[in-house]
Structure formats: structure tokens, C-alpha cells
There are 2 protein chains.
Amino acid sequence: MGITTEEKILTAAREVFTKKGYAAARMQEIADAANINKGLLHYYFRSKENLFRAVFDKAFPKFAHQINDIFESDLPLFEKIEAFVNKYIDILIQNPYLPAFVLNELNTNPEEFVKDLLSRREKPNPMKLIMQVKMEMEAGNIKPVDPIHLAINVISMSVFPFIGRPMIQGLFQIDDAAYLQFMNARKKAITEFVINALRKD
Amino acid sequence: MGITTEEKILTAAREVFTKKGYAAARMQEIADAANINKGLLHYYFRSKENLFRAVFDKAFPKFAHQINDIFESDLPLFEKIEAFVNKYIDILIQNPYLPAFVLNELNTNPEEFVKDLLSRREKPNPMKLIMQVKMEMEAGNIKPVDPIHLAINVISMSVFPFIGRPMIQGLFQIDDAAYLQFMNARKKAITEFVINALRKD
DNA sequence: GTCTATAGGTAGATAGAC
DNA sequence: GTCTATCTACCTATAGAC
């Protein structure tokens with residue numbers, strides 16, 4: 001069989017943890033989603049917390065690596081921002097569970113979770129982007145801007161629509177089918193917005 | 001006594017629900033935080049869900065009202081955006097629990113929660129702001145931009161740093177004391193960023 | 001109104017047959 | 001490895017004394 005039980009569990013767990021959050025997720029529900037018995041969850045992962053960690057540890061490094069590839073590339077600033085936004089939103093489209101997942105943990109035990117995250121070998125590191133912004137600014141090529149606020153602006157605009165998705169869909173009357181299209185359109189909207197804010201005339 | 005037991009419960013519940021999320025919050029913990037007995041929680045609010053609703057129903061209308069005052073004001077566009085960002089961030093500084101609170105519910109039962117939210121008499125309604133953006137754009141006063149994306153951009157940049165606070169503090173090495181200062185500085189950073197992106201030269 | 005004690009239900013984890 | 005059955009712990013909610 002190409003797909004192992006362990007993989008089935010990880011996939012099902014990812015779905016349920018995403019939808020419910022860690023505390024509200026039920027081992028029974030994960031077992032049902034994986035079409036296996038609850039006992040098997042413990043056979044493979046011993047505890048709920050272990051299972052959660054396994055899910056997260058599988059997803060996070062992939063994410064961090066793709067992002068850092070862009071941060072550390074030699075692209076000119078505007079192209080780098082465009083590449084970052086495109087990649088970031090693509091990742092989130094393919095893993096819509098990720099932000100809620102992270103945010104949930106971030107709120108239940110912030111210091112421990114962040115400490116663990118930042119101690120990893122592969123973690124998002126926007127410092128090279130921030131230095132690049134500083135250089136362009138000092139060279140007078142872009143309007144003056146605080147690079148940290150800029151970085152947070154870009155990340156905020158990219159991530160938030162995934163976290164607040166149901167709210168946005170409700171407020172602006174966007175149905176499920178249109179949301180994918182909407183998020184793809186956002187890539188260009190964000191990039192142009194940021195470039196307009198930075199470009200000197 | 002100026003502070004009733006009911007108020008003590010509501011305050012304690014707000015804290016615990018915020019910190020733990022609905023599912024992980026324990027009635028015992030709320031009782032402890034309020035310095036009262038667990039039985040009293042049920043005497044006053046009958047169930048955990050009722051208590052949660054009471055906490056939320058107390059906070060939400062205040063929030064929505066203040067925001068709508070700005071949306072519906074007659075301020076010119078740039079000033080309205082500035083007023084919105086200032087007010088929004090001020091509210092979140094004073095109620096840092098709110099975003100996590102909303103987001104948590106948003107992820108556990110999205111459709112029901114959003115439906116309830118949007119059925120309320122007082123709810124955030126950005127439509128007037130969006131119409132105003134359309135008008136300024138058609139009059140050629142600002143650069144072309146999709147008003148919905150713009151609205152989401154502004155909201156994203158304001159809210160996200162509160163949701164992702166521990167992450168941002170970790171990534172950029174901002175300690176607790178400096179974070180308030182940082183969020184206050186963000187008001188101006190966001191406003192200027194948006195105006196730069198929109199202003200024609 | 002406030003407390004203690006406990007009922008009732010559910011979820012995570014384990015044991016043991018196959 | 002996979003299943004069923006069960007244990008144990010905990011949490012919401014209630015009952016009842018004061």
C-alpha cells in the first residue's frame with residue numbers, strides 16, 4: 001500500500017487540529033477521519049500532544065525553508081517582495097490550516113511555543129530583507145519607511161485573510177468558490193500596494 | 001460593594017477565555033481567578049457557553065459602535081483612514097484579548113459564529129468607506145486600487161500584530177515594555193504607508 | 001447568595017485478543 | 001499492526017446545606 005497508516009493519521013490529525021484547534025480536537029474524531037481505530041493513534045503517537053507535535057514538525061520546516069529561500073535570494077527589492085507575497089500566499093492556499101494552527105498554539109502557551117519555534121534550525125528570518133530595505137532607503141531609492149513596520153505590514157496583509165477568512169467572507173459576501181480566486185488576486189493587490197507605497201516618483 | 005460577583009465573574013472569564021480559548025478554558029480556573037466558588041458560575045450563568053456569550057456580548061457592541069462612528073463620519077478619505085487606524089489600535093491596546101477571542105471562535109464554529117455576528121444590530125460595516133474610496137478613485141484623486149483589498153489591507157495591518165504578538169516579539173526581539181510603544185508607533189506607520197500607496201503626485 | 005459534595009458524561013490512554 | 005473493551009481522570013453541571 002502506497003499510503004501508510006501513519007500518513008493517514010497525520011493527514012487526518014492535521015485536518016482536525018486545524019478545524020478545531022488543539023483543545024477542541026478529539027482523538028476519536030481524528031481516528032474517524034483517518035478511518036482507523038482510536039487505539040491506533042496511541043500505538044503510533046503515544047499521546048495527543050505527541051501527535052500534534054508530529055503534525056506541526058512535518059509542516060513547519062518546509063514552510064520556513066521556502067520563505068527563507070526568497071529572503072536570502074539576490075532579487076531586487078520590489079521583485080523580492082513580489083516573490084515573497086506570491087510564495088507566502090501560495091503556501092497558505094495549499095495549507096490553509098497553518099495560520100490557525102500556529103495562532104492557536106501562540107495563544108495557549110506563547111512563550112514556550114515561540115521559544116521552541118525560534119530555537120529551530122530552519123525558521124523564517126526576515127533580517128536580510130530588512131537590511132535590503134535599509135540600504136535602498138539610505139541610497140534614496142525608496143521613500144523613507146521603518147523596515148520592521150514594512151515587514152510586518154507585508155506579512156499581515158498576506159496572512160490575516162486566511163485567519164479571518166470566515167469573517168471576511170461574511171462581511172464582503174464572498175462564497176467559498178470565489179475565495180480562492182480572491183486570494184490569488186490578492187497577490188497582485190498586495191504587491192502593487194506595497195510598491196506604490198515605497199516607489200519614489 | 002461597588003463590584004458585584006457577576007462583574008467579578010465576567011472579568012475573570014474574559015481573562016481565562018482569552019488566554020486559553022473556549023475549549024481549553026476551565027470553569028474551575030475562572031472561579032479561581034474570580035476568587036469565588038465554581039458553583040456560583042453556574043448560579044449566575046447556568047453553563048459555560050452562556051458565560052462565554054455574556055463575555056462576548058458585553059465587549060462586541062462597544063467595539064462595533066466606535067468603529068462605525070468613524071466609517072460613517074464625513075471625514076475626508078485620508079483623515080478617515082487615519083482616524084480608523086488610530087481608533088482600532090487604541091481599542092485593541094485596551095482590549096488585547098479581543099482578537100484572539102474572536103479568532104478562536106471563528107475557527108471552532110465559523111459559519112454559526114459569523115452568522116450570529118452579522119445578524120447583530122450593531123456590527124462593523126465598512127461599506128461607506130469602500131464607497132468613498134470608489135468615488136475618490138473615479139474622481140482621479142487617488143491611485144487606482146480595489147477598495148475591498150484596500151479595506152482588508154488596513155484591517156490586516158492593524159489587527160495582525162495583536163494576534164501574532166508573541167511571534168513578532170520573538171522574531172524582532174521586542175520586550176513586553178516596548179510593545180505598547182511599538183503598537184502606538186504603528187498607528188503612524190500604517191497611516192503613512194497607506195497614504196503613500198494611494199496619493200497621486 | 002454562597003458554599004461543599006457529587007452526579008453524569010466524555011476524553012485520553014491502556015490492555016489484551018486476534 | 002489493528003481491533004474492541006475498559007480504565008482513569010477530569011470537567012460541566014446539579015443538589016442541597018447554610
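Q: How far does a polar side-chain atom of A:Asn37 lie from a phosphate oxygen of DNA strand D?
A: The model is predicted, so that local features need pLDDT of at least 70 and side-chain atom pairs count only at pLDDT 80 or more, while totals for chains, interfaces and linings use all residues. Side-chain values use heavy atoms, with hydrogens and water left out; residues are numbered from 1 along each chain as its sequence is written, and chains are lettered from A and ligands numbered from 1 in the order in which they are written. A polar contact is a pair of N or O atoms within 3.5 Å; within protein, one must be able to donate a hydrogen and the other to accept it, and residues adjacent in sequence count only if both atoms are side-chain atoms. For A:Asn37 and the phosphate oxygen of DNA strand D, the distance is 2.8 Å.

Q: Which element supplies the largest share of the surface near DNA strand D?
A: A residue is near a strand if one of its heavy atoms lies within 4 Å of it, and 14 residues surround DNA strand D. By class, there are six nonpolar, four polar and four charged residues; Ala, Val, Leu, Ile, Met, Phe, Trp, Tyr, Cys and Pro count as nonpolar, Asp, Glu, Lys and Arg as charged, and the others, Gly among them, as polar. Helices are DSSP runs (H or I, at least four residues), numbered from the N terminus, and helix H3 (38-45) of chain A and its counterpart H3 (38-45) of chain B each give at least two residues. The largest share, three residues, comes from H3(A).

Q: How many salt bridges does the rule find across the interface of chain A and chain B?
A: The contact (heavy atoms within 4.5 Å) takes 50 residues from chain A and 50 residues from chain B. The buried area, which is the accessible area (1.4 Å probe) lost by the two parts on being put together and summed over both, is about 4400 Å², and carbon and sulfur atoms give 75% of it. Four residue pairs are in polar contact, both at pLDDT 80 or more. A salt bridge requires a side-chain nitrogen of Lys or Arg within 4 Å of a carboxyl oxygen of Asp or Glu, and their number here is zero.

Q: What relation superposes chain A on chain B?
A: Superposition is by least squares on the C-alpha atoms of residues with pLDDT of at least 70 in both copies. It gives a rotation of 180° with 0.1 Å of shift along its axis (RMSD 0.2 Å). The relation is therefore that of a two-fold axis.
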